[in-house]
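Work through the exercises below with the model open. Try each task before you read its solution.

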Amino acid sequence: MRRARIPAAVVLVLSVTGAITSVATASADATDLYVDNKSASCSDSAPTAGGQGTPFCTIGAATDAVRPGQTVHIAGGDYNEPIALTRSGTPTAPITFVGTPYTEDPAGRGTVLGEYGGLSNVVALTGVHDIVVRHLFGRSGREAVLVTDSSRVSLDDLVVYSSGWDSTVDTGYPSARITGASSDVTLSRNDISASHAGGVQVDAGVRHAVLTTNYLSSNSGVGVRITDAPDAVVTGNTVQASCGPLVELAGASTGATIENNVLDGDENGRPSWGGCASTGHEDLSVSAGSTAGTKADYNLVTTLTRTPYSWAGRTYTTVAQFQQASGQGAHDLSASRADLLRPDSPAVDSADATAPGTLTTDGRGRPRADNPLVADTGTGVGYYDRGAVEAQDPLAVSLSVPSAPPAGQPLTAVINGRVDSPWSPATATLDFGDGSAPVGPVTFPARHDYAPGTYTVTLTATDGLGLTKTTSSRVTVAAPGPVRPALALSPYNTGGQEVLADGTATVSPWPVATRSFDFGDGTAPVVGSATTARHSYAKPGTYTVTHTVTDDHGRSASITYPVSVATPIAGRWTTGQPATVAFYRNGALTPLTTNAPTGQGERIYLGQAGDTPVAGDWDGTGHDQAGIYRPGSSTFGLRHQDGSVTAVPMGDPGDVPVPGRWDGNGHAQLAVYRPSTGAFIVRHDDGSFSSAVFGDAGDLPVVGDWDGVGHTQLGIYRPAEGLKGLGVFALRHDDGSVSTAGFGAPGDLPIVGDWSGTGRTTYGVYRPSEARFLLSRAYTGQSDIDFVYPNV
């Protein structure tokens, strides 16, 4: 499911809580009904069907059963059926349908109707009255919301995306339509975007339609069109980037109120995603037949190339012209889009709080707030904001505590924090979580002596307006522990023969006095205080690098790690073909066309000496593209099918890149392995991160689709030791089990790929001393692949 991406400064969050005060609520003793098509106990026919323990399986069963005063709760999930209601409530006992906001759904989707395009309508209300519908996500081929011959209807916090594409009529369908002999229909705090033929349409004969605090964006067609529908109210909406007028009164739509709206057309009069046939439309258009009794004021238009106003058939290019000629818009403002994003945006504290349809909460369900840094220029209380979003007190607190005490002070934690309170001075207290008295007012950094243990540190700030924010973090304090040297190795220069040894991640409770890097080829170790050392090898091969750390108390510890002076990599370079191996040297990647010592593919130039090669299907093309990971800046460079390169920072010094199809959605996501902690860290498409720890120190990370299920699982390779020892692959599967396989000899490096083209990753090794690849086809019954890479 795709949700609209809304700029934070001028838009709605998709979850809205709180009731709309103009709608009567059900009586307290009404029995609620429940719908949950994921519940194993759901039933449409059982005697107890519709109860919380035995919910209905379908929305249709609930619409057949619901009575005035009842609320139907629809659990999160996908429902390929509409709310098609012909039964009514009463003014004191409305019928209410409430979905689950995605923020309250454990699956993170919320209640979704028609996501896969199978519905004509999401909500269809015909000949009904006293109905409330809230908290739904939907899309449909025709009108997602269709209200016909109905009255006293409230539609609140609906997310309508990419609807109205049905081509049975040339003009398409708007996302929301109020038609017939309807009256007193309210659309509030809804997000309507990417419509194929307009956002909201109010047809002839409708009376007193109320559109308040909605966000409408990127709609192909008019944002809001009201035709021959008197007494309409369009208040407090944010309308952006629509084709045609953003708000239009056509025909004889007299007695309307158009106030407190932010009308933000883009530079070309069309959505940012394109799709408009023409340009140059107005932000606000009112026909000559609609001017009688109509009030337009307190609106904000953006200063873009489209015409802001059309009034009674004449257009006006500035607010001043419109005010002088029409007598309307006395408090209208114009601003650039950049102005809207500022904390002192002209939309802030400048609305008419007495305008019909104005809500006491904004599109996020948050209360109205007075920004003390901005003059109150509005009417009424003076500080309501224009548009669908109310600027809130930006008091924010953050806290950073060490995961372990800093070197030299093993029992003292240094705690950093920050309090940002632009609207009013704030005071902060810090509770160290160990039973000692909180400190306040606190200044950072704060130092505190702990006994060994784990504690929750809490920072609380209260500003002069009475708003309080709290944040907590855990700190673990241990008695002085051993020196734990770290070692990360990466190719540094031409031909893969120069490496950089990095011991930055070393952990020591006392300051490090000296470091020694022995590169294992008989040359003298590099000794000093530097955390890194560069070394050039005379010939290809596998070497054991030893990093020895000595602290200022005379304690020493060492860590070893193998290094290969060549950098092998595998990838599925051609769609439908098995994975083949390649070598990366000095910014050039040369893949083989087959896993045999002949047939080198086209050389790909990317990156520079010292980069680490990576491969992944960044573009979702069915085959891998090349990329690099630059250890010095912890940045991925992803080469796309069209030859362009995208840079994405991720990770810390010493991390190892392990991209893969972690989300299982047809393309690769970025990930790194952190040798110092054994953690795999994945960056998902939605911007979140997840991590998992697997293996022990000295293990090498490997990732692949071991199960052949279309997404990546993690694993490690434990290098072989001794003359007869085998390396061990440990591969973790989706069910949590771990399979192991002995493969390779001392000095071998792991390499994995789909060597047979079956969709399932298998393992293999590269033997640097012989430039030899040994690739297992364990799951296919085919012979293993054994060949020497040409021209190593």
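**Exercise 1. The hairpins around β48**

Task: Find the turn between β47 and β48, and say which residue in the turn has a positive phi.

Solution. Start with the turn: β47 and β48 form a hairpin with four residues between them. Serine 634 in that turn has a positive phi of about 50 degrees. Strands here are DSSP runs of E with at least two residues, numbered from the N terminus (helices are runs of H or I with at least four). This is a predicted model: local features need pLDDT of at least 70, side-chain atom pairs count only at pLDDT 80 or more, and totals for chains, interfaces and linings use all residues. Residues are numbered from 1 along each chain as its sequence is written, and side-chain values use heavy atoms, with hydrogens and water left out.

Next, check the pairing. β47 and β48 run antiparallel and are joined by four bridges; two strands pair if DSSP finds at least two bridges between them. Arginine 630 stands opposite threonine 635 in β48.

Now go to the other partner. β48 and β49 (residues 645-649) are antiparallel too, with five bridges. One of the bridge pairs is arginine 639 with valine 645 in β49. This hairpin has five residues between its strands, and glycine 643 in the turn has a positive phi of about 90 degrees.

Last, check the cover. In β48 (residues 635-639), four of the five residues are buried. Buried means under 20% relative accessible area, exposed over 50%, and partly exposed in between (1.4 Å probe, protein chains only).

**Exercise 2. Histidine 623**

Task: Is histidine 623 buried or exposed?

Solution. Then read the accessibility: its relative accessible area is 13%, so histidine 623 is buried. Finally, list the neighbours. Leaving out residues up to four places away in sequence, histidine 623 touches Arg572, Trp573, Thr574, Thr575, Asp617 and Gln641. Contact means heavy atoms within 4.5 Å.

**Exercise 3. Aromatic pairs**

Task: Describe how phenylalanine 583 and phenylalanine 773 are paired.

Solution. Begin with the total: the structure holds 14 aromatic pairs. Rings of Phe, Tyr and Trp (its six-membered ring) pair if their centres lie within 6.5 Å; planes under 30 degrees apart count as stacked, over 60 as edge-to-face and the rest as tilted. Phenylalanine 583 and phenylalanine 773 are 5.9 Å apart, centre to centre, with 50 degrees between the planes, a tilted pair. Phenylalanine 583 is in β43 (residues 580-585) and phenylalanine 773 in β60 (residues 772-775), so the pair ties together parts 190 residues apart in sequence.

Compare a second pair. The ring centres of tyrosine 673 and phenylalanine 680 lie 4.8 Å apart with planes at 55 degrees, so this pair is tilted. Tyrosine 673 and phenylalanine 680 are both buried. Tyr309, Trp311, Tyr316 and Phe322 form one aromatic cluster.

**Exercise 4. Phenylalanine 787**

Task: Which residues does phenylalanine 787 touch, not counting those up to four places away in sequence?

Solution. First the element: phenylalanine 787 is in strand β61 (residues 785-788). At 5% relative accessibility, phenylalanine 787 counts as buried. Its contacts are Val581, Leu592, Asn595, Ala596, Pro597, Ala771, Arg772, Phe773 and Leu775, with residues up to four places away not counted.
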